[in-house]
Amino acid sequence: MKELSRVVSSIPPSETLAVSDKAKALKAAGYDVVALAGGDPDFDTPDYITAAAFQAIENGATHYPAPMKGITPLLEAIAAKMQADNGVTVKPGSDIVVTPGGKWALFLALSAILNPGDEVLYLEPVWVSYPPMIALAGGTPVAVTLSADDNFRITADQLRAKVTPRTKALMVNSPNNPTGRVITQEELDAIVAVALEHDLYVISDEIYETVIFDGRKHLSPAAVAGMAERTLTINGLSKSHAMTGWRLGWLAGPTPIMKLATQMNSQTVSSAANFTMHAAVAALKGPKEVTRAMCAEYQQRRDFMVPALNAIPGVECLDIEGAFYLFPRFPNSRRNSAELAEALIEKAGIASVPGGAFGKSGEGHVRFTIATAMKDLEKAVEKLAKVAHEI
Ligand SMILES: Cc1ncc(COP(=O)(O)O)c(C=O)c1O
């Protein structure tokens with residue numbers, strides 16, 4: 001048989017999805033497993049959103065949508081949201097494409113700008129899918145390593161040190177998966193300075209925008225003067241409205257890039273689901289209280305979990321500023337992160353994601369989600385406290 005795709009063979013499968021599947025299988029086999037590996041909100045999609053979807057189905061929104069890149073009320077609702085929440089001006093007719101999930105929006109962004117050999121900077125620890133997506137889109141992933149000892153702070157010098165004449169873009173994710181960091185004004189200034197100095201595109205993944213704690217303000221790079229023409233913003237409803245299964249995201253940015261992204265979308269997935277788009281209009285026009293209430297609940301869980309983990313000898317957990325993941329480390333352990341995750345599931349029945357899945361700087365860490373019920377988090381702390389000395 002002839003050789004299969006080299007580029008696809010070279011990328012690893014998504015480790016976060018694999019661990020979630022393993023935890024579900026153990027649970028189904030009767031094991032007492034606390035599943036802290038996933039990235040799926042434990043809340044149900046709010047009723048007014050599901051009602052809008054049922055209504056859309058009844059109204060016949062079960063065919064191809066028109067326009068394919070997003071029904072007009074949704075494009076308009078996204079543009080209005082970006083103006084109001086992010087201070088970013090985009091034209092609904094030309095600067096947005098609705099995608100089946102935020103993940104596809106990321107891939108479209110990369111595909112629309114990259115040529116073979118182009119380098120893309122990403123900040124590490126990194127969400128598992130960025131480097132494989134860069135490679136699949138024909139680029140070369142280049143890590144900018146951030147340090148837990150410096151609370152994963154981003155500086156202009158760290159970015160500059162990795163820029164070469166081939167650097168095309170920089171990927172940023174705030175609030176961040178897996179570190180829980182939210183970029184500060186100073187960090188945004190550093191990103192903007194380097195992007196302008198070196199004529200880079202910025203791909204800003206804002207999927208966790210609404211999960212942000214202690215009154216912090218979410219900052220969008222596209223809102224900064226001089227950045228709109230070089231920034232591609234990714235967002236969606238998976239995390240904000242507990243809609244992971246609906247597959248609804250979007251990409252917004254400068255018209256010439258969006259023209260290519262729309263072309264690519266039309267020749268691959270065609271569109272997001274029609275009735276899902278109608279539900280998305282309801283979600284975006286609905287009360288902000290819905291996302292605020294979920295955020296308040298995540299914050300409460302963080303307020304419980306971070307001190308509880310730090311109270312366990314041998315466990316260190318930085319406070320988080322947003323998103324719904326904790327990234328604790330075990331400084332006294334000689335195990336690597338895969339062995340740590342294995343030991344956690346075997347000895348404590350806690351499913352986690354090994355930090356190494358997020359790049360070399362994630363070694364020594366595991367990722368726990370707090371998008372799970374408080375009673376499960378309490379159980380996890382109890383179980384971990386009992387076995388931490390063995391880990
Ligand atoms: C950082 C980050 N970006 C994008 C996504 C993609 O979200 P979606 O489920 O909408 O494709 C995820 C999902 O886990 C994520 O963690």
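What follows walks through the domains, sheets and ligand shell of this predicted model. Residue numbers start at 1 along each chain, following the sequence as written. Since the model is predicted, local features need pLDDT of at least 70 and side-chain atom pairs count only at pLDDT 80 or more, while totals for chains, interfaces and linings use all residues.

Start with the overall layout. The chain splits into domain 1 (6–45 + 289–390) and domain 2 (47–285), with bounds taken from an automatic or database domain assignment. Their C-alpha centres sit 25 Å apart. The contact between them draws 37 residues from domain 1 and 36 residues from domain 2; here two residues are in contact if their C-beta atoms, placed from the backbone, lie within 7 Å. On the domain 1 side, the elements giving two or more residues are α1 (6–10), α2 (15–28), α11 (289–310) and β9 (325–326). Helices (H or I, at least four residues) and strands (E, at least two) are DSSP runs, numbered from the N terminus. The top contributor on that side is α11, with seven residues. Sorted by class, the domain 1 side that touches domain 2 holds 18 nonpolar, 12 polar and seven charged residues. For this count, Ala, Val, Leu, Ile, Met, Phe, Trp, Tyr, Cys and Pro are nonpolar, Asp, Glu, Lys and Arg are charged, and the others, Gly among them, are polar.

Now for the sheets. Seven strands make up an open, mixed sheet in the order β2-β8-β7-β6-β5-β3-β4, where strands pair if DSSP finds at least two bridges between them. Its edges are β2 (96–99) and β4 (140–145), each pairing on one side only. Neighbouring strands here are turned by 20° against each other on average, direction ignored; axes are lines fitted to C-alpha atoms, for helices over the stretch in contact, and angles run from 0 to 180 degrees between N-to-C directions.

Strand β8 (residues 249–252) runs antiparallel to β2, with four bridges between them. Across this pairing, Val97 stands opposite Leu251 and Ile96 faces Ala252. Four bridges also tie β7 to β8, again antiparallel, with Gly236 opposite Gly249.

Helix α5 (residues 102–113) lies across β2, β3 (119–124), β5 (167–173), β6 (201–205), β7 (231–236) and β8, running at about 165° to β7. Gly102 belongs to this helix and is buried, because 24 other C-beta atoms lie within 10 Å. Setting aside neighbours within four places in sequence, Gly102 touches Ile207, Ile234, Asn235, Gly236, Ser238 and Gly249.

Gly102 also turns up at the ligand. The ligand is surrounded by 13 residues, the closest being Gly101, Gly102, Lys103, Asn177 and Ser238; a residue qualifies if its C-beta atom, placed from the backbone, lies within 6 Å. The shell has two nonpolar, nine polar and two charged residues.

There is also an open antiparallel sheet of three strands, in the order β9-β12-β11. Its edge strands are β9 and β11 (353–354), each pairing on one side only. Two bridges connect β11 to β12 (residues 366–369), and Pro354 stands opposite Val366.

Conventions
A residue is buried if 20 or more other C-beta atoms lie within 10 Å of its own, exposed if 12 or fewer, and partly exposed in between; C-beta atoms are placed from the backbone.
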